[in-house]
Amino acid sequence: MNPARITRRRNRARSARAPVPRPSTVSGDSFEAIGRFVRILARCGATPNDIVRAVRAECTRIPGSWAVRARRVARNIDDAAHVLTVWFSEAAYLDASGRPMALPLEGASKSVTALVRSVDPTFNAREVLAYLIRSGAVRPEGRRYVPRSRAMFIRGVRGPDYFHTLRVLTNTLATHEHNVLPKRTARGWFAYSAENPHFPVRQREMLDKYVAAIGKEILSRIDTYMRRREVNRKSGEATVRVGIGMHLWEGDSQRPSRLATRGGRRARARRPEKP
């Protein structure tokens with residue numbers, strides 16, 4: 001028998017016995033986030049071997065239940081929040097006072113279905129509506145639906161919040177990766193923050209409310225600005241996905257010093273309390 005034919009048969013036999021590789025649970029968005037994060041660490045001085053060791057150490061602390069729970073939920077509906085932008089800005093969906101109208105689900109015009117299809121014809125209007133209701137952005141009113149807020153708070157909407165968080169993380173990393181490039185090769189992107197190292201814990205809840213109030217107002221104005229540019233773009237003009245995000249972060253809280261000053265005098269040091 002021809003030796004080449006024998007070799008081909010042996011190779012086919014080995015291939016038949018070889019186990020089929022299991023599909024990766026790491027999505028494309030996750031790969032992008034990992035890649036950006038690793039490159040940022042490398043530019044900050046970490047070596048590839050040290051990054052691998054650090055990642056492996058952190059992975060040993062992750063419970064297996066997290067992945068199981070995430071696989072049970074449905075993926076986010078991309079750009080569903082843009083439905084709210086159109087609902088709050090397009091004259092066809094505003095009443096005489098300039099407020100978004102209550103819409104029925106079905107209808108060739110002035111309906112949730114028509115609104116959703118104007119954003120993306122591939123969207124399922126019922127799925128988008130259910131998502132907006134779960135997020136608290138829309139409420140049913142009889143057989144019509146009323147938008148409650150132009151902003152969506154996706155935490156706790158059973159699944160989409162996981163994928164939204166991954167998307168926000170990837171976009172945030174993209175900004176930081178871009179901004180660590182040499183200034184001579186790239187113009188910086190907007191990335192400013194306000195930080196206070198000694199903010200009183202008792203005022204923490206009030207800070208949430210303050211940031212939510214002014215943050216939603218600012219983002220609504222920026223959203224309107226971007227929508228106007230989207231509508232008035234030239235036919236066939238090149239487009240790019242852009243976004244602006246705000247988030248509040250919190251570090252480790254610090255207990256008040258036992259040597260705190262009172263009335264301009266140094267307070268006496270107290271003995272440690274017994275547990």
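**Exercise 1.** Describe the hairpin of S2 and S3, and find the residue in it that takes a positive phi.

*Solution.* Begin with the strands, which are DSSP runs of E with at least two residues, numbered from the N terminus, as helices are runs of H or I with at least four. In this predicted model, local features need pLDDT of at least 70 and side-chain atom pairs count only at pLDDT 80 or more, while totals for chains, interfaces and linings use all residues. Residues are numbered from 1 along each chain as its sequence is written, and side-chain values use heavy atoms, with hydrogens and water left out. Strand S2 (residues 138–141) runs antiparallel to strand S3 (residues 144–147), and 4 bridges join them, where pairing requires that DSSP finds at least two bridges. Next, take Val-138, whose bridge partner in S3 is Pro-147. Finally, look at the 2 residues between the strands of the hairpin, in which Gly-142 has a positive phi near 70°.

**Exercise 2.** Locate Lys-110 and state its phi.

*Solution.* Lys-110 lies in the loop between strand S1 (103–104) and H6. Its phi is positive, about 50°, although Lys-110 is not a glycine; most residues other than glycine have a negative phi.

**Exercise 3.** Identify the neighbours that Val-112 touches.

*Solution.* Count a contact when heavy atoms lie within 4.5 Å. Leaving aside residues up to four places away in sequence, Val-112 touches Trp-87, Leu-103, Pro-104, Leu-105, Leu-129 and Tyr-145.
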